[in-house]
Amino acid sequence: MSELSVKHLLGIKYITKEDIELIFKTADHFKEVINRPIKKVPSLRDITIANLFFENSTRTKLSFELAEKRLSADVINFSAAASSVKKGETLIDTVNNILSMKVDMVVMRHPNPGAGVFLSKHIDASIVNAGDGAHEHPTQALLDSYSIRERLGEVAGKNVVIVGDILHSRVALSNIYALKLQGANVKVCGPKTLMPKYIESLGVEVELDLRKALQWCDVANMLRVQNERMDISYFPSTREYTQQYGVNKQLLESLDKEIVIMHPGPINRGVEITSDVADSGQAIILNQVENGVAVRMAIIYLLASKIKQ
Ligand code: CP
């Protein structure tokens, strides 16, 4: 297969295993490119991309911008906090005004689940979902799987546990879809109050005991507690959460094997993960960030190839 099955990347739910394989093969090429002394290729000289961020971001925003610039695309950046959204302009009006400046692709982060799908019904440009509320974060899941593949050789057959605030996490949902598509075994672990009721219908097992989950897995993806999405208390205290669901060096050393530790960032050091784990050789957190640029270059390149047809 040489092209994606989709015009937009709205979620992992909408793509195929073959799409993921193509994205990873293309990312392998771009990873080699960005490690050369000259890191830029002219592939997208005729493409203009708008990065629309209606919610805060460090990694995703910078990673997309760098990926676009490495591909020689023209890039414009929009941050809702400093825009006319504050004066009451709607999402569709905002985007249509930006698109009238001859923009080909939109990368959008938005607090509302389904914002990308909604937009795709109203505009012609290709859309990449950079995180929509507690729904999906497809590029994060793809760079996560790419990083597992890089560290362990393949994703198929690996045991992966996603730990923490599953209920509010777009990273968890996209990772579950992506890992299952590639044939990994997936468990989720965290307080019962942070487990969505439908979770087992996604083909994952719930394990409430962190030690058992770590003993079972090859990879543990530690999630941040999403305090900004919580309107009530889901556990008694942060201290208690950390005691039950935080990883520290002592816990990892008590296992009878060495597992890979991941985290999408931003990290709450000392809450879901201690610094001695986050900064250890077992953690591939900065490899995930590095791979994010190559994976996003691949996604943008492949979607742009469809625009040019
Ligand atoms: N992983 C992630 O989405 O981080 P940011 O919120 O900083 O983009």
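Predicted model: local features only at pLDDT ≥ 70, side-chain atom pairs only at ≥ 80, totals over all residues.
What kind of pair do the rings of F30 and Y301 make? Their centres are 5.4 Å apart and their planes sit at 70 degrees, so this one counts as edge-to-face, a label that needs planes over 60 degrees apart. F30 belongs to helix α1, while Y301 belongs to helix α11 (residues 285–308), so the pair ties together parts that are 271 residues apart in sequence.

## Another aromatic pair

If you search the whole structure, you find four aromatic pairs. One of them is F24 with Y146: the ring centres are 5.4 Å apart with planes at 70 degrees, so the pair is edge-to-face.

Here, F24 comes from helix α1 (residues 17–33) and Y146 from helix α5 (residues 138–152), so parts 122 residues apart in sequence get tied together. Buried or exposed? Both F24 and Y146 are buried.

## Where α5 meets α6

Now back to α5. The axes of α5 and helix α6 (residues 170–181) come within 8 Å and cross at roughly 50 degrees, so the two helices are oblique to each other. The crossing is right-handed.

Which residues meet here? On the α5 side they include P138, D144 and I148, and on the α6 side they include V171, N175 and L179.

How values were computed: Residues numbered from 1 in each chain as written. Heavy atoms only, no water. Phe/Tyr/Trp six-rings, centres within 6.5 Å; stacked < 30°, edge-to-face > 60°. Helix = DSSP H or I, 4+ residues; strand = E, 2+ residues; numbered from the N terminus. Buried < 20%, exposed > 50% of the residue type's maximum accessible area, 1.4 Å probe, protein only. Axes fitted to C-alpha atoms, helices over the stretch in contact; angles between N-to-C directions. Parallel < 35°, antiparallel > 145°, perpendicular 65-115°, else oblique. Left-handed = near helix turned anticlockwise from the far one by under 90°. Contact = heavy atoms within 4.5 Å.
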